[in-house]
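Biologist: I have a model open and would like to talk it through with you. Could you take my questions one at a time?

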Amino acid sequence: MSEAISRRSLCKLSAGAAVSSLAGLALAQDLVKPPSPVEADFTRDYPAPNFKPSWKKPQISRTMLQDFVIFAHYDLNMTKTLLDKEPMLINGLMDWGAGDWESGLGGASHMGRHDIVGFLLERGARIDIFCATMMGQLDAVKSFLTLQPKLIDSRGPHGFTLHFHAQLAGKDADRMLEYLQSIKKVELKPNPFLQKPAGG
């Protein structure tokens, strides 16, 4: 009898400990839950524009746009899935905070994902100088810099430079870097997204 009571007590104790552990885990997860985006405080200190937007149509879901931009960094299939679900994601921009704007194309470009970039361009993404640099489009990059020489100092998503993107240009990386270095020489640091050759 005492043995049965001991086992029953032990089971109750174990169950209680498990519940406490789960509650503690849930609390810990709640405490480390990433914060939601918060719009910066703003009050106009200038006259409002004359045009008043009508907002007749709902905006695209910020969560869906966020997911699309994230997947475009590394997952071609999910990028296709979300774009099929909502084609207007193609040129959507996420503000990751403090004006760090990023599109799906921008994310794929600084990751060196030529396959995802190619897909997005085929679907109507607006090419920019960072994408052109990563894709090895030397004539396009020269045209951009002829039009506006100060673009040599421009920064893409997360502050990545043209030289950073040039390192991801595959077989065209050397000539792209050579050209950019002739415009402005910078110290090249190792690119964490550069794919190592197979067996390397």
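Modeller: Happy to. This is a predicted model, where local features need pLDDT of at least 70, side-chain atom pairs count only at pLDDT 80 or more, and totals for chains, interfaces and linings use all residues. Residues are numbered from 1 along each chain as its sequence is written, and side-chain values use heavy atoms, with hydrogens and water left out.

Biologist: In what order do the elements of the chain run from the N terminus on?

Modeller: Helices (H or I, at least four residues) and strands (E, at least two) are DSSP runs, numbered from the N terminus. The chain has 9 helices and 2 strands. From the N terminus on, the order is α-α-α-β-β-α-α-α-α-α-α.

Biologist: What percentage of the 200 residues of the chain count as buried?

Modeller: Buried means under 20% relative accessible area, exposed over 50%, and partly exposed in between, with a 1.4 Å probe and protein chains only. With that cut-off, the buried share of the 200 residues is 31%.

Biologist: Is H3 roughly parallel or roughly antiparallel to H5?

Modeller: Axes are lines fitted to C-alpha atoms, for helices over the stretch in contact, and angles run from 0 to 180 degrees between N-to-C directions. Helix H3 (residues 76–85) packs on helix H5 (residues 114–122) at about 20°, and their axes are 10 Å apart. Angles under 35 degrees count as roughly parallel, over 145 as roughly antiparallel, 65 to 115 as roughly perpendicular and the rest as oblique. The angle therefore makes H3 and H5 roughly parallel.

Biologist: How many nonpolar, polar and charged residues are in the contact of H3 with H5?

Modeller: Contact means heavy atoms within 4.5 Å. On the H3 side there are Leu76, Thr79, Lys80 and Leu83, which meet Asp115, Ile116, Phe119 and Leu120 in H5. Ala, Val, Leu, Ile, Met, Phe, Trp, Tyr, Cys and Pro count as nonpolar, Asp, Glu, Lys and Arg as charged, and the others, Gly among them, as polar. By class, the contact of H3 with H5 comes to 5 nonpolar, 1 polar and 2 charged residues.

Biologist: Is the crossing of H2 past H3 left-handed or right-handed?

Modeller: Helix H2 (residues 62–71) packs on H3 at about 150°, with the axes 8 Å apart. A crossing is left-handed if the near helix is turned anticlockwise from the far one by less than a right angle, and right-handed if clockwise. H2 passes H3 in a crossing that is left-handed.

Biologist: Which residues in H3 do Met64, Asp67, Phe68 and Phe71 in H2 meet?

Modeller: The residues of the contact of H2 with H3 divide into 6 nonpolar, 1 polar and 2 charged. The H3 partners of those H2 residues are Met78, Thr79, Leu82, Leu83 and Lys85.

Biologist: Which backbone oxygen does the side chain of histidine 165 reach?

Modeller: Histidine 165 lies in helix H8 (residues 162–166) and is buried, with a relative accessible area of 0%. A polar contact is a pair of N or O atoms within 3.5 Å; within protein, one must be able to donate a hydrogen and the other to accept it, and residues adjacent in sequence count only if both atoms are side-chain atoms. At 2.8 Å, the side chain of histidine 165 reaches the backbone oxygen of threonine 161.

Biologist: Is threonine 133 buried or exposed?

Modeller: Threonine 133 is found in helix H6 (residues 129–134). Not counting residues up to four places away in sequence, its contacts include Val141, His165 and Leu180. With 0% relative accessibility, threonine 133 counts as buried.

Biologist: Which helices do the buried residues of H9 pack against?

Modeller: In helix H9 (residues 173–183), the buried residues are Ala173, Met176, Leu177, Tyr179, Leu180 and Gln181. They pack against H6, helix H7 (138–147) and H8.

Biologist: What is the phi of tryptophan 55?

Modeller: Most residues other than glycine have a negative phi. Tryptophan 55 sits in the loop between helix H1 (2–31) and H2, and at 59% relative accessibility it counts as exposed. Although tryptophan 55 is not a glycine, its phi is positive, at about 50°.
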